[in-house]
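Hi,

Here is the structure I promised to pass on.

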Amino acid sequence: MDFQLDEDIKVLKNNIKEFVKNEVEPYARQIEEENDIPIELIEKTREMGLFSLSIPEEYGGLGIGMVGKCALYEEIGKTHNGYTTLIGAHTGIGSVGIVEMGTEAQKRKYLPDMASGKRLGAFALTEPQAGSHATNLKTTAVKKGNKYILNGTKHYITNATVADIFTVMAVTDPQKGAKGITSFIVEKGFPGFKVGKEERKMGLRGSHSAECIFTNCEVPEENILGEVGQGYVNALKILANGRAGLAARNLGSSQKLLDMCMDYVQEREQFHVPIIEHQAIAHMLAEMALDIEALRSFTYRVAWMVDKRENVVKEAAMLKLFGSEVYNRVADKAVQIHGGLGYIMDYPIERFYRDARITRIYEGTSEIQKNIIAAQLKKEYSK
C-alpha cells in the first residue's frame, strides 16, 4: 500500500489550505448567521476548480483519484461544514454516478458544466418511507414511449435548492424488489419536477436540504443511468465510493478541532498553570489525537482500495461508521476542554459540535453501517 501523494496533489493541497484560510474562513461567521454561502465565495470556489475534483480531465475536470481527493477533502473539512457539504455532495454522490456509470453521451452532456461548477449535482434516494430501508422506495418510473414518467417525493436531499442535475432512484418494476429499481439523470427544468419544502436543520448552515417532488415528471429514456433494474446496485456503489470522501472531511474537521484545542490549552490557565498540565485535559487530548491518527490511516487505506478498484463495501461502511463516530467524540471533547467558551456561538467549537451530529445519520446511519458490516462478514465466513 502506497499513500504517497503526487507532487501536483501536494501543491494543490497546499493551495487549498491557503484558500480555506484566506478566502473561506473569513466568510464562516456570515454563512452561519445568514444560512447561505455568498455568491462571491461560490465564484472563488469555481475558479479554484473545487467542483471538478471527481471529473476526468477529458470532460474538464481534474481527474483526481480517491487518495488525492481525500487529501484535498481533509483540507476542505477544516472550515465551515456547510461549505464543505456543498462541495462534497457535488463532487461525491452528486456526480460520481455519471462519472462511473454514465454513457459517453451523458458524460459529454453533463460533466463539463458540472466540472466548472456551472451546474451542481445532487443525489436523490431518501424518501419519507425509505431512508435506511432504501428498497422500500415509493417513487415510480413508468415507461411511456421514449420517456419515463416519474411520480413520488424525495426528502432531505442535500443541495436540492442549488443543484441542476439529480441522480434519482425510482421503481421501474415493483415486482422485483431491489432489482426493480432504476437510476435516472433528472434535470431541474424537466416538466413535472419541482423542489419543495426546505428543511430547517440543527447544523450545516449554508448547506440546504429540501424535498424533490415528481408529478408526472418526464425523463427521456436516454437519461437512464446504468442499466434498467440496476439502480439499487448503483446507489450502493455511489454511496460506498462517497464514504471515503466523507471520512476525509470528518478527518479534516477533527484535526481542526484538535488544533484549536492545542492552542487553547497552552494559553488558558487554571490553578496557576496552563490547563494542558492537568491530567484530565491531557488525557482528552491524547484520546483525540489517537482517534484522529487511526482515522487518517483507515481513510487513506480505503481510498487506496477504491483507486485499485477493489470491493470496498465492508471497508467503506466501517470507515463511514468510524469516521463519524470519531468526529463526534472529538467534537464533544473539544467542547469540554473549552468549557463555557465551547458552548458559546461566537466561537466555532459549538458550530463543529452541531455539525458533527449529522455525520452519524446522513449517507447511511451508524446502525445501517453495522448492518452492512455484519452482512458482509456473514458472506465471508459462510464460504
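Predicted model: local features only at pLDDT ≥ 70, side-chain atom pairs only at ≥ 80, totals over all residues.

Beyond its neighbours within four places in sequence, Glu350 is in contact with Gly342, Tyr343, Ile344 and Met345, where contact means heavy atoms within 4.5 Å. Glu350 sits in helix α11, residues 348–357. Helices here are DSSP runs of H or I with at least four residues, strands are runs of E with at least two, and both are numbered from the N terminus. Is Glu350 buried or exposed? Glu350 counts as buried because its relative accessible area is 10%; the cut-offs are under 20% for buried, over 50% for exposed and partly exposed in between, with a 1.4 Å probe and protein chains only.

Residues are numbered from 1 along each chain as its sequence is written, and side-chain values use heavy atoms, with hydrogens and water left out.

Back to α11. This helix is mostly covered, with 7 of its 10 residues buried. Besides Glu350, the buried set includes Arg351, Arg354 and Asp355, along with Ile349, Phe352 and Ala356. Among the elements covering them are α2 (28–34), α5, α8 and α10.

Now the cores. A nonpolar core is a set of buried Ala, Val, Leu, Ile, Met, Phe, Trp, Tyr and Cys residues joined through side-chain atoms within 4.5 Å. The largest one has 64 residues, and Leu41, Tyr83, Leu257, Leu285, Met288 and Ile337 have the most contacts inside it. Elements giving two or more residues to this core include α1 (7–24), α8 (231–267), α10 (313–338) and α11. Which helix gives the most? That is α9, with 13 residues. As for Leu285, leaving aside neighbours within four places in sequence, its contacts are Leu258, Cys261, Met262, Val265, Ile276 and Ile337. A second, separate core of 23 residues includes Leu111, Met169, Val171 and Ile185.

On to the strands, which pair if DSSP finds at least two bridges between them. β2 (140–144) and β3 (147–158) run antiparallel and are joined by 5 bridges; Ala141 has Leu150 in β3 as its bridge partner. Their hairpin has 2 residues between the strands, and Gly145 takes a positive phi near 70° there. β3 also pairs with β7 (209–220), again antiparallel, over 9 bridges, and Gly152 stands opposite Phe214 in β7.

UniProt, in an unreviewed entry, lists "domain: Acyl-CoA dehydrogenase/oxidase N-terminal" for residues 7–118; its positions are given in the numbering used here, feature names are shortened, and annotations may be inferred rather than shown by experiment. That span is 68% helix and 0% strand, and its end C-alpha atoms lie 28 Å apart. The unreviewed entry also lists "domain: Acyl-CoA dehydrogenase/oxidase C-terminal" for residues 229–377, a span with 77% helix and 3% strand.

Cheers
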